Amino acid sequence: MNRMKELPVQERPYEKCLKYGARMLSNTELLSVILRTGTVGCSARDLAGKILKSRNHESELLSIMHLEKEQLLEIKGVGNAKACQILCIAELAKRIASEKALKGLCFDMPSTIAEYYMERLRHLEQEQLYVMYLDSKCNLIKEHCLTTGSVNRSLISSREIFLEALRCGAVSFVLIHNHPSGDPTPSRADISVSKEILTGGQLVGIRLLDHIIIGDRQYCSLNEQNLLH
């Protein structure tokens, strides 16, 4: 059976959702409802199953978070429209997680900063470095994605960090970046670059509070580990 309407009514995802609620649908059924249509010889449910199993990942749902547009387009039956739908699902999931974590954000507690960035960064396959700029009361003024790529001296511009801090009137800041390996253990480069930026901040009176590294469901705070002294 390749068409949804050929399925028994009680097995059709739309009807199941309306009668029993979305929580009663499988992952494949949930995705098929969002996709709405399949392709020739492949129902929306079959296509959803193909997408969820397209990567060798311990979790079908988490595999969606790792799929790039080019990878989605390689799946037979997925065009630009469906690729866009799936990318938007992943982005919504990240934003929902960040929005929830934002309410508990406390810059004296590295765990709350890690929670805020966890879903945004832990699925990435390359490093991203963010700067959170704070005012004199430790309130967030703005966040800025500084670099994408390896976090090292050639990509981190201390000058750019401090110029932006001066522009927005920040008196302190926090660095956050991810390790695509999932292991948040800081490298020698992570530590040495952080110390250089710390020293630069002391010279201009703008304090580096912490450098937090995001792994897969875990994090490392260089300040908590006494690696910024």
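**From one residue to the whole chain**

Author: Let us start with L25, which is found in the loop between α1 (13–20) and α2 (27–35). Please keep in mind that this is a predicted model.

Reader: Is L25 buried or exposed?

Author: Burial is judged from relative accessible area, and a residue under 20% counts as buried. L25 has a relative accessibility of 7%, so L25 counts as buried.

Reader: Which residues is L25 in contact with, leaving aside its neighbours within four places in sequence?

Author: The contacts of L25 are with P13, K16, C17, L30 and V33. Between L25 and K100, which are 75 residues apart along the chain, the C-alpha separation is 24 Å.

Reader: Which residues have the most contacts inside the largest nonpolar core?

Author: In soluble globular proteins, nonpolar side chains tend to be buried together. Here the largest nonpolar core has 21 residues, and those with the most contacts inside it are Y133, I161, F173, L175 and I197. At least two residues of this core come from each of β1 (128–134), α8 (158–168), β3 (172–178), α9 (188–204) and β4 (207–214). As for I161, not counting residues up to four places away in sequence, it touches V131, Y133, L146, I156, F173, L175 and I197.

Reader: Where do C138 and R217 lie?

Author: C138 lies in the loop between β1 and β2 (140–148), while R217 is in the loop between β4 and β5 (219–221). Backbone angles deserve attention here. C138 has a phi near 65°, a positive value in a residue other than glycine. Phi of R217 is likewise positive, near 65°, and R217 is not glycine. With a relative accessible area of 29%, C138 is partly exposed; R217, at 62%, is exposed.

Reader: How many helices and strands does the protein chain have?

Author: There are nine helices and five strands in the protein chain. Along the sequence, their pattern is α-α-α-α-α-α-α-β-β-α-β-α-β-β.

Reader: Why is the protein chain described as more spread out than a compact globule?

Author: One compares the radius of gyration with a rule for globules. The protein chain has a radius of gyration of 22 Å, well over the 17 Å that the globule rule gives for 229 residues, so it is more spread out than a compact globule. Its C-alpha atoms fill a box of roughly 70 × 35 × 30 Å, taken along the principal axes. Of the 229 residues, 43% count as buried.

How values were computed:
Residues numbered from 1 in each chain as written. Predicted model: local features only at pLDDT ≥ 70, side-chain atom pairs only at ≥ 80, totals over all residues. Heavy atoms only, no water. Helix = DSSP H or I, 4+ residues; strand = E, 2+ residues; numbered from the N terminus. Rg over C-alpha atoms; globule rule 2.2 N^0.38 Å. Buried < 20%, exposed > 50% of the residue type's maximum accessible area, 1.4 Å probe, protein only. Core = buried A, V, L, I, M, F, W, Y, C linked by side-chain atoms within 4.5 Å. Contact = heavy atoms within 4.5 Å.
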